[in-house]
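Subject: Structure handover

Hello,

Please find the structure below. My notes on what was found follow it.

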Amino acid sequence: AENGYELWMRYVRVQNPVLLKQYQSALKYYAIQTTSATLSVAKNELLKGIEGLTGNRINETQGTENNSIIAGTPASSAFIKRFLDAGNYHPGKEGYIIQSEKTGSKSRIVIAADNDIGVLYGVFAFLRLLQTEQNIHDLFIESSPKIQYRILNHWDNLNRTVERGYAGASIWNWHTLPDYIDQRYIDYARANASVGINGTVLTNVNANSLTLTAPYLQKVKALADVFRPYGIKVFLTAKFSAPEEIGGLKTADPLNAEVKNWWRQKCNEIYALIPDFGGFLIKANSEGQPGPQGYGRTHADGANLFADALAPHGGIVMWRAFVYDVRVQNTNEHFGEGHQEATGNAIAAEDRFKQAYDEFKPLDGKFRKNVLLQVKNGPIDFQPREPFSPLFGAMPQTPLMMEFQLTQEYLGQGTHLVYEAPLFKECLDADTYAKGSGSAVARVIDGSLNDHPVTGIAGVANIGNDINWTGHPFGQANWYAFGRLAWDYHLSSAQVAEEWLRQTFSNNKIFIAAAQKIMLASREAVVNYMTPLGLHHIMGTGHHYGPAPWVDNAGRADWNPVYYHKADAAGIGFDRTAAGSNALAQYQPEVQKQWNNRSTCDEKYLLWFHHVPWSFKMNTGRSLWDELCYKYNAGVDSVRWMREQWNRLNAYVDAERFTSIKLLLGIQEKEAVWWRNACLLYFQTFSKMAIPSKYEQPDKT
Ligand code: GCU
């Protein structure tokens, strides 16, 4: 049985007989000098992969036998040095080259890199060719990442609960660390390295100061030691008030000399244990977390405090831009460790959409060089569809990091099949017009638009200790896609889905075609059955599961679904034009032009920016109300279609995973219907219009 633990690294025997033969005869010998821990794991992976895929237990060769695979760097291999010199190749810091090489009667495959980690990445890329059944004659592949820091953010608490985690408990067992090294830590590192993820923030953004105490740092060191050979750096979240909580100081004021000294000492302590420690991720003055504003200082003062302490060691600060309404008092703990939820009366807040920009835009140019501002893809919070955050087009002097959420907090959590690559790409491809047309968000993130040497992208992990890591078997695809797109955002969603399916399930063409279609349809499906036409933030309060557009007492105005959809007798949607909150003014004029007129605004974003009459005529000729009915029904129909498609695939998938996905799709259909019925019946109380008879009539129970 297959339980999904192996992820996309199953290395099962190649089914295509012609290719199997090709691989078996081309891969008889290997040469890799294991002069470092990284080269040694590269060798082990290569041998394990080839043995599983071809059945060959291949022999080591000193020289360069016919049908051998040779991997290394100029430092580890004279052959590789000659090869790179002869071709004048420069794979770069993490890049690699895979090339078929023929001299006389000998044919060989070369995996060459400037550094050891490039060899490991090259080995994984080579194994991917075999796993996806590609021809390996005449290879010439050159690859290097577009973004420097490609990081998973674990929202894992020290007690092993995972904030917004739907796949079991945290994989970090703080109790048995540092002495017990779970095989999962190693397999986690392999999986990440296989897609080029090179950093991990181990702990929740709602941070616990204990993380930075000596006993925990020993545990962190143990993990860093496991991950190092795989090119993965460890990062931690830092709680702003740590100097008070664990340092015995009376303040955490970022300009206070003792506070500065405390963080400097703390960094010295960390780097003595973990010389390649990556740095800190910090959530400050956000949702009740402490921060510099509590001491009358700015976000820049706060970020620079950490930046100065880390700089001598080469570490970075990832300072989060996820802030809104710090004026609200937060007192009550709801989400577990560290996370605080408001209990006070709802207050009328400035449009939450605008707040990150208002807060950070004036600070552009005020951050140290080793600070990255980490911005969520959209202005609110990981909704099924958001316009890109206006900050991406607004802070040329600050390196901006992308924050995507792999865990499906607002996307059906652990039970819905939603392939997120199209969501990631939609944001990365969006044009900010910051420097005229062609200023895609991706070019802000990769540093090319404003010449930033330090670049990064983060994904909030969907990983837990469920046997298959991500709960829903298709959740693995989001982890995979994040890594692949962080490496190269030019890859298409379809291509990444296909690769993942081939490695994770089967190379059978019928299977791939059908399963890929399901994946590619899934994101639009969730948008349609949850939040079509630009609706957003209408889910259940707190847990964020299921529909609750009627809620108006969530504790703060800006958590109330009614605040976001603003449905009334006249229409529905949030007016963010100049006549409304004017959030649109935060975008470049060209972007404003796309969205500021409700007659020309892309209908995907319509209710993000406009309060639209129920009878408004849409592009299809339908009224807005009719269109809403149409979209909610289309969402349900898509899930039904996904279910039917999957049910035909039982011959191609092992029984365990087939059944698990089949049952989950059953839940997804039920819940798509729930969303549709709840939202349409609720909005109907305002529109007072009938649900056209051509659509399934919601069951009011
Ligand atoms: C969302 C999420 C929280 C999380 C927060 C953040 O609001 O619901 O659980 O802490 O984002 O990103 O900081």
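**Helix H15 and its neighbours**

Helix H14 crosses helix H15 in a right-handed way; a crossing is right-handed if the near helix is turned clockwise from the far one by less than a right angle, and left-handed if anticlockwise. The model is predicted, so local features need pLDDT of at least 70 and side-chain atom pairs count only at pLDDT 80 or more, while totals for chains, interfaces and linings use all residues. Residues are numbered from 1 along each chain as its sequence is written.

Helices here are DSSP runs (H or I, at least four residues), as are strands (E, at least two), numbered from the N terminus. H14 covers residues 493–504 and H15 covers residues 509–530; their axes come within 10 Å and cross at roughly 130°. Axes are lines fitted to C-alpha atoms, for helices over the stretch in contact, and angles run from 0 to 180 degrees between N-to-C directions. H14 and H15 are therefore oblique to each other. Angles under 35 degrees count as roughly parallel, over 145 as roughly antiparallel, 65 to 115 as roughly perpendicular, and the rest as oblique.

On the H14 side, the residues that meet H15 include Ala-497 and Leu-501; among their partners in H15 are Ile-512 and Met-519. Two residues are in contact if their C-beta atoms, placed from the backbone, lie within 7 Å.

H15 also packs against helix H19 (residues 624–647), at an angle of about 155° and with the axes 8 Å apart. H15 and H19 are therefore roughly antiparallel to each other, and their crossing is left-handed. Among the residues making this contact are Ala-521 and Tyr-529 of H15, and Val-639 and Trp-646 of H19. The contact of H15 with H19 divides into 11 nonpolar, five polar and two charged residues. Ala, Val, Leu, Ile, Met, Phe, Trp, Tyr, Cys and Pro count as nonpolar, Asp, Glu, Lys and Arg as charged, and the others, Gly among them, as polar.

Arg-443 lies in helix H12 (residues 441–445). Is Arg-443 buried or exposed? Arg-443 has 20 C-beta neighbours inside 10 Å and therefore counts as buried. The cut-offs are 20 or more other C-beta atoms within 10 Å for buried, 12 or fewer for exposed, and partly exposed in between.

**The whole chain**

The chain has 20 helices and 18 strands. Buried residues make up 55% of its 701 residues. The C-alpha trace spans about 80 × 65 × 50 Å along its principal axes.

Regards
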